[in-house]
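Trainee: Could we go through this one together? I'd like to learn how to read it piece by piece.

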Amino acid sequence: MVSRIETHTVDWNEPVLAAAAQFLRTRYTSDGIWDMSEVVVVTAAARAGRRLTEVLVSEAENAGAILFPPEVVTAGGLPEYLYKSAQPMVSGLEAKLLRTRAIMSAGEGLVESVVGTRPGEDEFGAWWAMAEQLGKLSEELAAGSLRVNEVTERCEGDGFDLSDVQRSRWEAAGALDELYHDQCAAVGVIDRQRARLTAIEDGTCRLTGDVVMIAMPDQSTQLESMLKQAAAHEESAGDLIVVTHASEEHEEGFHLTGGLDVSYWSNQHLDMNDQMIHVVGKENEIGGEVVRLMAEAGETTKLRYDQITVGLGHEEHAGAISRALDIAGAPNRYAGGRRLMDSPAVVLLAAMGRYAEAGGFDQFAAILRHPDLQGFLSKNTHEATGGIATHDGVVSQFLAAVDRYATEHLPRDLGEVLMGDGRAKVYGEQVLALRAAVDDLLPRDRKQPKPISAWSSEIAAMMRHIYGHLELRRYEPSDEPIYHALRQIADALRQVRDVGDEIAGEIKVTFGQAVNMVLSLLRVGSVPEMGGDGAVELMGLLDLPLDDAPVLIMTGMNEGYVPASRNADAFLPDGLRQCLGLGNNRQRYARDLLLLNTMVKSKQVVRLVLARQTAQGDPLAPSRLLFACNDQTMIQRVNGFYEEHEHRAPVRLLRGERKRHGFLIPPPLFDEPVLKGLGVTAFRQYLQCPYRFYLKYVRRLQLVNDAAVELDGAAFGTLAHGVLEAFGKSDMTGCEDVGVLRDYLSHELDVMATTRFGQHVRPAVRVQVEQLRERLMAFALQQVVWTQEGWQVRGDLIEHQFKTTIEVDGEPFEIRGKIDRVDEHPEYGLRLLDYKTSDIGKHPEQVHRKGRKDAKSWIDFQLPLYEVIARGQGLSGQMQMGYVNLPRKSEEAGMKLADWSDEVLVEAREACNEIIRQVRGRVFWPPAEVPVFDDGMRGLCGDGAFDREGLIMMSEVGEVGDE
């Protein structure tokens, strides 16, 4: 009979954390001493436990009491306080190694039944991944008090039908799991989950002191069984004290140990009003909406930042929301701590492991972009790269050199570094120097399999080379995250170093595989945020119920985020989870409904933010929790989600010393000389967006990166132009034999492709080269026809750079441009031609004019200006302008000539003159209202930003003097 369980209910109209602190203080105070040293307090999340300790310490200081604080743990750490294992626990790394050994030693058919195909003996990564998957499966089943080999029996008992394939798979997985436990027993250790199940079965769970469960509705079957057994054990020396957070009318909604009753809470309502709901268009607008709601809350309640919490229904929104708060001047921190895997040191370790294993250009380029590596590279590549690397750790020109090399050659690996000519050769030399510097960090025998413990010192040496020069100061905001990350890496390496032969057996791994094993130990780690001054806390859903801030802005209130849904699972789909008593979608719905009710009731201000679309434009649905209401309210909320909302005022600075916040688009500066000339293609870009024109032609910004894995439109065109330039300057221009001309063009394409991309070409590029070959074959047929018609290619003018000076309002202005090709005919004069390789061949009229056919219809001036610059350099007589189209469909290849009268060309020149006047007057504002660009300047131009029109209005050029 259970006799040691006490239950206490905190009404959800008051914060549970303060009530819990008061309960502990009252229960464990004697003669001015608050002695909780023998008490174990359990909270749903670690942050809540830390906050509870802070409250107790603060109250003890105020009361002048002596505090012996309790041991605070989460549910995951509680079981080990309820039993004692007769055998030592296997560590995380040891468990994975032993499980890997067990799987690799399994007999014929077991592995195949689980994963389909048995990995090769040398495919250690596949074996390791399988061990991790089965280990996770075993943990999940243990939470339901199940062994893996008990699943089929449970399904039969509960009437859950398994197919023959599923049954065979589960039986094989159970057999592999038992092989792992046999491996553990052979070396004298026990798996943690097996030890817990054994304790339950043997009835050895007991209380050694009081255990206080504070608002713990989410309990596994395993934990609930252990708590009930411990509370009923005759040798228990303490009480189980259960604190629930709800109103008294909902007491029946909880089990004896405080876990929620799923059936009860699945049928309750979310008690809230519609004024709490705020809908934005896309997820990338959520950060701006959070800032706006904070500003509104601050105006009405005069709250400090530390009195506002932002809830993260979808934790991937954390980075964007944090950046929005930074830009708006609001200090913030992620309460749960940043993921250790996202810390710079761990990211670099992972990148070095991938490079060591694969050795590809993509892995190499990723390493070079890491800021922590730049100091090392600066010192080790300064002389080898001709001095382009700096010694101050600033991102330097060698990154641009690598990017230009990548853009030019689209390399697949580093086994063949292409040198090229001129600047291209310099880029190749710099890539070689950088590769040598990076390789110096790695052991020469990195591909040679060794016992895992042998790699510990090698990984440590690599990290020491990169970070050894740092002098870190504890509790310094800039140093603390690096310190925590490096310390955890060192702890993981010590585990690797201490792996004995009895654990690892015959397993040997490469350097890169060893790094992956180290990373597997770091996945659950976190880097705590620095405390100190008040800041907005960003928290995950499970942290929120015990948060004591009076204002909550809950984001990500979309279906699939809150509640989270888990449907596709190779082993445990949702239906099977429900059958086995594991965490499932229905249970998560009930839990989140309860948690949201407690938050809505206990906070002064609650706002729920959701989006209609992802940042990419995919539709999102509202959370089902918002429809836990009556039918009339449900209809109103559905309509409210899809209706257009009134225009919101632009986001503004919250508080701080800055005059202008970073949401604004940087307005043009007038510190550069007035442009004296332009290329023929620049005029179109001015009409498209004067601000982007300013960034490109005045500030001279351009996008150079290593992201390309195939030829973009410009690069495809450049390759085609190279072949056609060689043709235009050769003696083949007069060839009238289609076969001969095709052979020539095909040969030139092969030479240029090999020169540019080398022998190890990316598959996508190889396909594109063949696509270009087909277009060139179609061109050859057309070229022979033009030759037979009497047109001759002017070899001296192929890809010729023309320029001329015109006068506009009495002032000179230079126009320049490269004309791809000039053809001449004894009777018809000249043709000024431009090669076009877009998939669909267009007529010049389509490209140059839109809408009404008048002076304002011009949107492009390339061909009209061809005539201007050609005549300006002495060409005369009759001239035609047009395109030589090489489109995707070969039957559409050919020439499209413009048919513009002299009067129409005069209109084009007048339109050009007006653009020149605007450029001279430095009219570069505002940006285009509907951005349709892919030029790498989306951030600068505010593309996709929340309320971009309002931001443009606020980014006044007149404020430039304040910057």
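Predicted model: local features only at pLDDT ≥ 70, side-chain atom pairs only at ≥ 80, totals over all residues.

Trainee: Okay, and how are the rings of F693 and Y697 placed, what's the angle between their planes?
Mentor: The ring centres of F693 and Y697 lie 4.8 Å apart and the planes meet at 35°, so this pair is classed as tilted.

Trainee: Is F693 buried or exposed? And what about Y697, buried or partly exposed?
Mentor: F693 counts as buried because its relative accessibility is 1%, while Y697, at 21%, counts as partly exposed.

Trainee: Which residues are in a cluster with them through ring pairs?
Mentor: Ring pairs link F693 and Y697 into a cluster with Y686, Y691, Y694, F924 and W925.

Trainee: How many aromatic pairs does the count come to?
Mentor: The count comes to 22 aromatic pairs. One of them is formed by W455 and F511, which sit edge-to-face with 5.6 Å from centre to centre and 80° between the planes. That pair links distant parts of the chain, since W455 is in the loop between α17 and α18 whereas F511 belongs to helix α21, 56 residues apart. Both W455 and F511 are buried.

Trainee: What lies over the face of W455?
Mentor: K450 lies over the face of W455, at 4.4 Å from the ring centre. An arrangement of this kind is also found at W791, where R831 lies over the ring face at 3.7 Å from its centre.

Trainee: Switching to charges, how many salt bridges does the structure hold?
Mentor: The structure holds 60 salt bridges. As a general point, side chains of opposite charge can pair when their charged atoms come close. In one case the side chains of D274 and R637 meet at 2.7 Å, N to O, and this pair links distant parts of the chain, with D274 in the loop between α10 and β9 and R637 in helix α24, 363 residues apart.

Trainee: Which residues are linked in a network of salt bridges?
Mentor: R4, E6, R27, D210 and D239 are linked in such a network.

Trainee: New topic, strands: why is β21 largely enclosed by the rest of the structure?
Mentor: Strand β21 covers residues 821-825, and four of its five residues are buried, so the rest of the structure largely encloses it.

Trainee: Which strands does β21 pair with?
Mentor: Strand β18 runs antiparallel to β21 and is joined to it by two bridges, and the bridge partner of V793 in β21 is D823. Strand β22 also pairs with β21 in the antiparallel sense, over five bridges, with V822 standing opposite L832.

Trainee: How many residues does the hairpin from β21 to β22 go through?
Mentor: The hairpin joins β21 to β22 through three residues.

Technical notes: Residues numbered from 1 in each chain as written. Heavy atoms only, no water. Buried < 20%, exposed > 50% of the residue type's maximum accessible area, 1.4 Å probe, protein only. Pairing = 2+ DSSP bridges. Salt bridge = Lys/Arg side-chain N within 4 Å of Asp/Glu carboxyl O. Phe/Tyr/Trp six-rings, centres within 6.5 Å; stacked < 30°, edge-to-face > 60°. Lys NZ or Arg CZ within 6 Å of the ring centre and 35° of its normal.
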